[in-house]
Amino acid sequence: MSRAGLINLALFAMLPLTAGAALMLDEPFIITLATKVAILALAGVGLNIALGLGGLVSLGHAAFFGIGGYAMGILASHAQSFTPLMQAPFLIEGTKSMPVIWLVAVIAGALAALAIGALSLRTTGVYFIMITLAFGQMLYYFAISWPAYGGEDGLSIWVRNGFPGLNTLDPIQFFAIAFVLLALALWGAGRLAASPFGLALQAARQNAERVETVGLSPYRLRLVAFVISGAVTALAGALFADLNRFVSPTMLSWQMSGEIMIFIILGGVGRLYGPVAGAALFILLEHVLGGLSDFWHVYLGLLLLLVVLFARGGLIGALAGREVAHD
Amino acid sequence: MSVILLIEQVLNGLQSGVMLFLMAAGLTLIFGVMGLINLAHGSLYMVGAFAAAAVAGATGSFVLALIASLVAAAAAGAVVELTVIRRLYDRDHLDQVLATFALILIFSEGTRWLFGSFPLFLDIPDALAGPVMLPGGIQYPLYRLVIIGVGLLVAIGLFQLIARTRIGIRIRAGESDREMIAALGVDISKLYTIVFALGAALAGLAGALVGAIQSVQVGMGEPVLILAFVVIVIGGIGSIKGALVGALLVGLTDTLGGVLLPGFFATFMEASAATALGSSLASMSIYILMAGVLIFRPTGLYGSR
């Protein structure tokens with residue numbers, strides 16, 4: 001096995017080992033942190049499908065993250081107040097069942113990504129960055145000004161949603177759910193990258209004109225990637241809202257988009273396991289530096305600056321020793 | 001809806017439009033000349049506002065405060081350009097986004113460190129305080145009128161600078177062919193620093209002028225930055241004229257949408273629902289405008305590439 005492969009394996013094993021050790025030592029807070037890492041890494045894996053494979057620098061992925069969060073918040077708040085979501089033309093009830101919520105979150109995220117992607121992908125480069133950012137802001141302001149679901153204050157859910165056969169309020173069981181979903185997403189993203197579609201997508205990133213001359217549409221490839229990416233990020237959003245039992249417009253804010261992107265960069269661009277390493281490093285920094293100083297974002301900023309300017313391979317690149325081929 | 005209220009709102013829209021222009025002009029110049037997307041432009045806006053508030057608090061002079069905002073933002077811009085930004089010109093947009101995002105984190109938290117989390121207040125000078133009577137019996141705050149005037153003057157000055165001066169010629173030459181003007185003996189890295197500092201100074205001035213109406217606080221720059229992005233997308237990246245037209249369009253849409261849409265829905269809906277729907281749609285109106293422009297002109301109204 002190559003060195004990068006070993007590092008990936010170690011990274012992957014690190015989460016359940018940490019959570020297991022915390023369970024033995026009876027430190028539920030550490031388990032919650034590991035859960036947070038798994039969920040944020042899942043959001044990063046989602047963005048990485050658009051960013052790493054497709055080369056689409058989306059600065060609006062918080063939109064999908066927040067849509068997933070609100071899918072959970074809206075369904076669960078109707079279930080906890082026993083009011084139907086809508087009555088005409090047909091009755092839709094709220095739900096406290098995780099699988100149903102995930103399905104709704106994924107579909108809502110995919111539809112939003114389809115709409116935003118269809119418009120944004122008409123452009124490239126800097127325009128694309130600015131437009132995805134602007135659409136993200138649009139949803140953010142919409143969530144703030146729409147009073148039905150808490151507006152600026154957000155929505156609190158009293159009890160975590162249920163999963164058949166599991167007690168989700170037990171930290172280690174909820175961690176297991178998040179980790180299995182992360183593992184599935186990593187497996188899926190790996191398969192996607194190696195599939196004919198993934199190869200065509202990467203070719204479109206490297207040279208769109210050539211892809212077009214062999215009869216493939218870069219626009220369509222990118223749109224499909226963007227939709228998949230949005231759906232995965234929305235799933236992460238639903239889990240994140242369930243972790244906190246709270247959803248607010250902050251999940252839609254552009255700082256959130258920036259943070260999801262930071263996970264990918266800290267871990268290493270173009271690496272399947274980059275978001276896992278990046279999210280773990282981010283949470284670690286938040287707790288180590290955050291304990292030292294209230295202004296830990298200064299250090300995060302400096303670190304990010306150094307990684308971007310001097311260590312482009314990120315954490316995995318530094319550990320694996322050799323950079324992946326850049327194009 | 002009375003005509004007087006409508007005219008007041010149009011003036012408010014113009015006022016926010018010209019301030020957006022000051023932000024967008026710098027962004028679009030920096031992109032046009034150096035090909036750089038600068039997320040930290042909002043931080044320079046904040047630096048200008050804080051410098052103005054600090055100097056006004058110490059000396060009580062609004063003129064000195066404005067000068068301080070220009071100098072502080074230009075200096076911060078020059079320092080950032082020399083230390084970080086110039087390493088980014090040859091990088092892809094992803095690196096530029098991340099590095100300038102990192103700069104935002106550093107600027108925001110650094111400012112919080114220096115000035116604390118509470119907002120500062122920058123008072124409107126006495127000479128400009130109070131309303132003024134416009135023809136037709138409309139009362140309007142004098143300070144806002146002055147802002148519109150200052151913004152338009154700066155716009156004219158900027159157009160003259162680009163069109164008529166030697167530095168303007170170099171900027172335009174740098175936009176069309178940077179290798180060629182470097183070969184002709186122009187110090188291109190100095191030119192880049194000057195353009196960046198100029199854009200920063202414009203942002204800082206806008207921050208100080210707006211800071212007197214709103215409060216001066218950490219994070220004040222980012223909402224304006226994103227609006228300025230919308231302006232540039234609408235106007236076309238690299239075009240100062242596009243920035244002006246886009247800024248006025250966005251300013252007017254944003255202000256008038258907030259006033260007119262709830263009223264429009266109230267004509268056929270129940271009042272509270274109309275307010276909710278109207279205000280949510282109003283908060284989205286400029287993005288809808290942007291989407292509309294994109295469908296018909298993917299490179300913006302005056303964009304070439």
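Good morning. I begin with the contact between the two chains, to which chain A gives 44 residues and chain B gives 47 residues. Please keep in mind throughout that this is a predicted model.

The size of an interface is often expressed as the accessible area that is lost when the parts come together. Here, chain A and chain B bury about 4,200 Å² between them, and 83% of that lies on carbon and sulfur atoms. Which three residues supply more of the area that chain A buries against chain B than any other three? They are Tyr127(A), Met130(A) and Trp254(A), which supply 17% of it.

Let us turn to the kinds of interaction. Between chain A and chain B the count of salt bridges is 0. Polar contacts, by comparison, number 5 residue pairs across this interface, with both residues at pLDDT 80 or more.

Where on chain A does this surface come from? On the side that touches chain B, at least two residues each are supplied by helix 5 (125-145), helix 10 (254-267) and helix 12 (296-310) of chain A. Helix 5 of chain A provides the largest share, 14 residues. By residue type, the side of chain A that touches chain B divides into 32 nonpolar, 8 polar and 4 charged residues.

I move now inside the chains. Two packed helices are described by the angle between their axes and by the distance between those axes. In chain A, helix 4 (residues 98-120) packs against helix 9 (residues 218-244) at an angle of about 140 degrees, with the axes 7 Å apart. This crossing of helix 4 and helix 9 of chain A is right-handed. Among the residues that make the contact are Trp102(A) and Gly109(A) from helix 4, and Phe226(A) and Asp242(A) from helix 9. The contact comprises 19 nonpolar, 3 polar and 1 charged residues.

In chain B, the axes of helix 1 (residues 3-34) and helix 10 (residues 240-266) come within 7 Å and cross at roughly 145 degrees. Helix 1 of chain B passes helix 10 of chain B in a right-handed crossing. Their contact divides into 19 nonpolar and 8 polar residues, with no charged ones.

Finally, the structure holds 4 salt bridges over all chains. One pair is Glu286(A) with Lys36(A), whose closest N and O atoms are 3.9 Å apart. Glu286(A) lies in helix 11 (residues 274-292) of chain A and Lys36(A) in helix 2 (residues 28-53) of chain A, so this pair ties together parts that are 250 residues apart in sequence. Thank you.

How values were computed
Residues are numbered from 1 along each chain as its sequence is written. Chains are lettered from A and ligands numbered from 1 in the order in which they are written. This is a predicted model: local features need pLDDT of at least 70, side-chain atom pairs count only at pLDDT 80 or more; totals for chains, interfaces and linings use all residues. Side-chain values use heavy atoms; hydrogens and water are left out. Contact means heavy atoms within 4.5 Å. Buried area is the accessible area (1.4 Å probe) that two parts lose on being put together, summed over both. A salt bridge is a side-chain nitrogen of Lys or Arg within 4 Å of a carboxyl oxygen of Asp or Glu. A polar contact is a pair of N or O atoms within 3.5 Å; within protein, one must be able to donate a hydrogen and the other to accept it, and residues adjacent in sequence count only if both atoms are side-chain atoms. Helices (H or I, at least four residues) and strands (E, at least two) are DSSP runs, numbered from the N terminus. Ala, Val, Leu, Ile, Met, Phe, Trp, Tyr, Cys and Pro count as nonpolar, Asp, Glu, Lys and Arg as charged, and the others, Gly among them, as polar. Axes are lines fitted to C-alpha atoms, for helices over the stretch in contact, and angles run from 0 to 180 degrees between N-to-C directions. A crossing is left-handed if the near helix is turned anticlockwise from the far one by less than a right angle, and right-handed if clockwise.
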